[in-house]
Amino acid sequence: MKETTMLTSSSPSDFYSQILKSKNPLTGKLIHAQVIKTGLHLSIFLMNNLMNVYSKNGTLSDARKLFDEMPVKNTSSWNTILSAYLNRNELDNAYIMFNAMPERDDVSWTTMISSYKHLGFFRTAVRIFLDMIKAGIRPTEYTFTNVLASVANIRDLDVGRKVHSFVIKFGFRSYVPVANSLFNMYVKSGDRVVAKCVFDSMGSKNVSSWNGMISLHMESGRVDLARAQFEDMTESDLVTWNSMITGYSKHGYDFEALKVFSDMLKVSDLKPDKYTIASVLSASANLGNLVIGKQVHAYIIITDFNISGPVENALISMYAKSGGVEIAQKIVEQRGTSNLDNIGVTALLDGYIKLGDLTLARHIFDSLRGPDVVAWTAMIVGYMQNGLNKDAVELIRLMIKEGSKPNDFTLSAMLSVASSLGSLNYGKEIHASALRLGEISSVSVGNGLINMYGKCGSIDRARRVFNLIHWKKDTVSWTSMISSLAQHGLGIEAIELFEKMLELGIKFDHITYVGVLNACTHVGMVDQGRKYYNMMKNVHKIEPTQGHCACMIDLFGRAGLLSEAYDFIKSTCIELDVVGWGSLLSSCRVHKNVELGKLAFENLVLIEPDNSGAYSALANLYSACGKREDAAKIRKLMKDRGVKKEQGSSWVEVRNKVHIFGAEDTLHPQKEEIYKTMEKIWKEIKKMGFVPNTECVLHDLEEEVKEGMLMHHSEKLAIAFGLISTPENTTLRIMKNLRVCNDCHSAIKFISKLVGREIIVRDPTRFHHFKDGSCSCHDYW
């Protein structure tokens, strides 16, 4: 009754006051009825406000009906119904209404621009602004701030400059909000020079202006200038502090970010918001310091801060990245996953991957609702890094099946899996995917392709990719190509490429030099190897690593310069790793140096007691030198210490399936056909002049038995299977886990001539390209 009583006044001002206060649709209808009863419905001012009540209280149809029934309308009437449609996101109806307006003023145009900007239709907002100018309507301050925000979002500098000219033309240059919007537009559009000029020319600046300048300095990486600007400010707000904290963390100054946060709590009355806390937790995560992270968490608990949303995700990420993955998991269990985004869960996933717990990591991955490309990539990389290439391939295929689009990082990870498997077919599939997805121009994908083709035995394709990315080559591109050429025994070409790299002034690193030294090693360029090692140390001031030293030992050892290899070891201050001592031991076996071989063995097993290759190499060295009793002692020692010998295996991919073979393998379903084929080949190559090297069998057996064992080495069985399973004249690609023995190397040369095919064999250190009875290594391996 009270509200009805209020409607008894017939004064227009009283009605207007009641209309503005009303939030009840029913009240609006009662007022409307009273307006008609008292004859005030001819008041355009009153009807416009009543229409506004209808639109704001959720009765747009009533607002439109009132609009249609108004006998007289002014521009404000049209603007009111236009705003009503735009507030409901009914763009089609709003556009129809806008076009039907008999007369549009600055409010009409600005309302359209603001609404389209708010809904993310930035280009349409800009187009409407340009139409407004053509129509001869003068923009307002609010028009300019909205259109400049739209331009900033589309980052169209040409359009931005055009809008800037209108700012000057209509005299809004000195308006601080417009100047701030101009500044922001130039920053986001990439013209920081003009942005700085806009800032400097501002007659008066507010806190927002200074905040923009701090953000500009931070985005440019000039944290020193941002800090100076920050310290010069007499007034600051939360955006100021957040800009400093986020900027510091983004550029790796995480301790400074935490210091700014601490200062903010000490000298300011401002309360952190969710962006402050999320940035601080991100800085803690980057430091990987669990103690600091827990202190930030303690602050959250003490202040009863709401951790929903970005803070919860940042908190989980911090614990997962700082070695507190179990705590992160507890937070997830306590709070559930409804507020988690993929970033938080992916950080947790990555934490378990780093711990090597792939089972739990996969469980977390499977719990994700629509994992994004980052989560897919993290899980794929996790499998790859733990040697689970088969699982990685299955996950990649699932990703593609579910329609998730790989990015350049995902494709690079996929290429690494193909490289590890030595699967050229799979690598080609990924290459095709990169082309289809438009990621082929990515440097990381290009580098991955060079590495993949190199490791899958297709050096020509690696060259083609390298030449195609000539405008975007980086250090990794050149290094990958040099290393690939080295692996394929193309040492001279690798050195020429390195010299070109030096000539062009391309940046190189210590890994580049590993590739260069390997190139010298594989073709016996001892003098050049010495030259580049000294150049690396004395000219380019790169400190030698264990990898460089292992290359030099291998270089001298393969050339039979064992004394020089040992002198090099004694002269270096670097403690050798397994690879270095293993290279020396392998060379001693080839060149039958027992004393130095024993020394290398003793140092190697000190580092890695379970290295079966060391025991086998020393036993083989003793056997080769006729010291069969000593060889037997080493094999007994190996058995007593529980060291299991690594079995030699070879594999070949046929029709997207990998077939693995061991020596004298009897498990393959086509074993009978494989053995018959190998026996036939054996007879044929012996007719061609091949003589089995029975010295490779280091057991005291009959020659015929030794020859039978040699015939059934794993790579020979893999070749026999490849020959019966693939079309004639196609290249065979065989992968091995151990070095090719002398007998197999000699036999494969004859087989390549017999069958008229190229046979490419990859062992742990290099590729052998067998063709027409010769090998690319020129028998130097």
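Let's start with a charge over a ring: Lys73 lies over the face of Phe67, 5.0 Å from the ring centre. Arg104 sits likewise over the face of Phe98, at 4.3 Å from the ring centre. A charge counts as over a ring if NZ of Lys or CZ of Arg is within 6 Å of the ring centre and within 35 degrees of the ring normal.

A word on the model: it is predicted, so local features need pLDDT of at least 70 and side-chain atom pairs count only at pLDDT 80 or more, while totals for chains, interfaces and linings use all residues. Residues are numbered from 1 along each chain as its sequence is written, and side-chain values use heavy atoms, without hydrogens and water.

Searching the whole structure gives 25 aromatic pairs. Rings of Phe, Tyr and Trp (its six-membered ring) pair if their centres lie within 6.5 Å; planes under 30 degrees apart are stacked, over 60 edge-to-face and the rest tilted. Two edge-to-face pairs are shown here:

| Pair | Centre to centre | Angle between planes |
|---|---|---|
| Phe199 and Trp210 | 5.3 Å | 80° |
| Phe498 and Tyr513 | 5.2 Å | 65° |

Because Phe199 lies in helix α13 (residues 192-201) and Trp210 in helix α14 (residues 207-219), their pair ties together parts eleven residues apart in sequence. Phe199 is buried at 5% relative accessible area, whereas Trp210 is partly exposed at 27%. Buried means under 20%, exposed over 50%, and partly exposed in between (1.4 Å probe, protein chains only).

The other pair links Phe498 in helix α31 (residues 491-504) with Tyr513 in helix α32 (residues 510-523), 15 residues apart. Both Phe498 and Tyr513 are buried. Helices here are DSSP runs (H or I, at least four residues), numbered from the N terminus.

Finally, one aromatic cluster is formed by Phe129, Phe144, Phe166, Phe170, Phe172 and Tyr175.

Terms used:
Helix = DSSP H or I, 4+ residues; strand = E, 2+ residues; numbered from the N terminus.
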